[in-house]
Amino acid sequence: MSFPAADYEFMARALQLAALGLNTTTPNPRVGCVLVKDGHVVGEGWHEKAGDPHAEAYALQRAGAAARGATAYVTLEPCAHFGRTPPCADALVAGGVTRVVVAMEDPNPQVAGEGMAKLRAAGIDAVVGLMAAEATELNIGFVSRMTRGRPWLRLKVAASLDGKTALDNGKSQWITGAEARRHAHAWRARSCAILTGIGTVREDDPSLTVREVPCTRQPLRVVVDNRLDIPPSAKVLAGGALIFTSSGDAAKAGLLRQGGASVVALPDGAGKVDLADVLAELGRWGINEVLAESGARLNGALLAAGLVDELLIYQAPIIVGDKARGMFDLAQLTDLADARRLRIVERQQVGADSFMRARWA
């Protein structure tokens with residue numbers, strides 16, 4: 001279906017509004033809405049956080065009577081079910097809009113075309129597919145959770161020019177500069193959860209909080225800890241964390257729970273945590289996007305299990321030597337034809353360091 005130029009202009013604005021909820025809407029999708037009448041915007045809105053009105057409700061409220069006869073541009077199919085808020089499809093019908101242009105169909109099985117059907121049944125000209133790729137990208141984690149049952153996993157690594165993440169003695173602060181760290185914290189801020197391993201907790205004692213950029217919601221901290229070796233004083237536990245383990249040690253688990261942590265046992269049968277089950281459990285927790293900040297062992301295990309969707313690589317213009325620690329602990333290849341290929345989707349300079357975002361080719 002072809003759309004006039006004006007439709008692209010107003011949908012671009014709706015996507016711009018949706019992006020305002022980048023760091024706050026979890027577990028809900030990021031959605032924007034623009035109401036247009038006679039070529040002029042009469043109301044607009046965006047969804048900020050779960051429990052608040054949806055984008056369509058804000059736009060209709062701001063438009064008032066001017067909504068009657070207007071066209072609504074919405075980045076995601078209006079919901080057709082009662083959740084924390086009433087159905088947006090019903091609100092658009094009641095508001096008197098005569099045309100609704102939607103970027104993408106909602107992958108949520110509770111909606112999945114029902115919103116469009118409601119609009120059309122009410123006599124509204126409802127079309128979908130305008131700037132769908134942009135809308136999907138904005139909600140890639142929500143789409144992942146709804147279609148695959150697990151969040152979108154980004155793996156972040158800060159490394160030297162020769163691909164090392166820490167010295168042989170474990171020291172890694174700081175390989176990259178302050179600008180790169182701020183940039184990485186922006187990725188933390190949009191993530192629903194930060195994932196790390198017990199090795200990183202023991203060696204670095206990270207907080208894994210968002211500090212370098214404005215943030216009103218801290219991501220859930222998640223630790224993979226096979227034997228529940230995490231010390232009660234670990235910074236990552238402050239304010240609560242989710243620990244995945246293969247251990248059946250009820251005493252250790254009880255102490256962690258008393259301190260405010262959640263402990264979930266997901267053994268893989270070989271004395272380790274089943275990482276695929278971890279992602280599935282996080283999906284059940286309503287987690288859309290996960291940022292993994294871990295050491296080479298967990299990095300390699302996530303890659304080997306096929307659970308990494310995207311790589312965020314920060315590379316500093318320094319060389320630290322062959323004995324330093326690498327990025328991924330993976331089985332050795334004997335043929336380059338077996339190497340997994342990536343495609344670079346973004347590359348930029350961040351201060352003195354370079355940043356590369358890559359997905360599987």
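Colleague: Which residue in S2 is the bridge partner of Val36?
Modeller: Val41 is the bridge partner of Val36. Helices (H or I, at least four residues) and strands (E, at least two) are DSSP runs, numbered from the N terminus.

Colleague: Where does the model come from, and how do you count?
Modeller: This is a predicted model: local features need pLDDT of at least 70, side-chain atom pairs count only at pLDDT 80 or more, and totals for chains, interfaces and linings use all residues. Residues are numbered from 1 along each chain as its sequence is written, and side-chain values use heavy atoms, with hydrogens and water left out.

Colleague: Back to S2. How many bridges join S1 to S2?
Modeller: Six bridges join S1 (residues 32-37) to S2 (residues 40-46), and the two strands run antiparallel. Two strands pair if DSSP finds at least two bridges between them.

Colleague: How many residues sit between S1 and S2 in the hairpin?
Modeller: Two residues separate S1 and S2. Asp38 lies in that loop. Asp38 has a positive phi of about 55 degrees, although it is not a glycine.

Colleague: Is Asp38 buried or exposed?
Modeller: Asp38 is exposed, at a relative accessible area of 72%. Buried means under 20% relative accessible area, exposed over 50%, and partly exposed in between (1.4 Å probe, protein chains only).

Colleague: What does Ala112 touch, leaving out residues up to four places away in sequence?
Modeller: Glu77, Glu105 and Asp106. Contact means heavy atoms within 4.5 Å.

Colleague: New topic. Which residues of H2 are buried?
Modeller: In H2 (residues 55-63), Ala55, Glu56, Tyr58, Ala59, Leu60 and Ala63 are buried.

Colleague: What covers the buried residues of H2?
Modeller: The cover includes S1, S2, strand S3 (71-76) and helix H3 (88-95). Just after H2, Gly64 takes a positive phi of about 60 degrees.

Colleague: Where is the cis peptide bond?
Modeller: The cis bond joins Thr26 and Pro27, with omega about 5 degrees. Pro27 is in the loop between helix H1 (5-18) and S1. For context, most peptide bonds are trans.

Colleague: Now S13. Why is S13 called largely enclosed?
Modeller: Five of the six residues of S13 (residues 310-315) are buried, so this strand is largely enclosed by the rest of the structure.

Colleague: In which sense does S13 pair with S6, parallel or antiparallel?
Modeller: S6 (residues 152-159) and S13 pair in the parallel sense, over six bridges. Val157 stands opposite Ile313 in S13.

Colleague: And S16, parallel or antiparallel to S13?
Modeller: Antiparallel, over six bridges, with S16 covering residues 353-360. Leu311 stands opposite Ala358 in S16.

Colleague: Where does Ser247 sit?
Modeller: Ser247 is in the loop between strand S10 (242-245) and helix H9 (250-258). Ser247 counts as buried, at 17% relative accessibility. Ser247 touches Asn226, Arg227, Leu228 and Ala265, not counting residues up to four places away in sequence.

Colleague: Zoom out. How many helices and strands does the protein have?
Modeller: The protein has 11 helices and 16 strands. Its radius of gyration is 23 Å, close to the 21 Å that the globule rule gives for 361 residues, so the protein is as compact as a globular protein of that length. That radius is taken over C-alpha atoms, and the rule is 2.2 Å times the number of residues to the power 0.38.

Colleague: What does the C-alpha trace span along its principal axes?
Modeller: About 70 × 45 × 40 Å. Of the 361 residues, 50% count as buried.

Colleague: What share of the contacts with a separation of 6 or more is between residues 24 or more positions apart?
Modeller: Those residues account for 69%.
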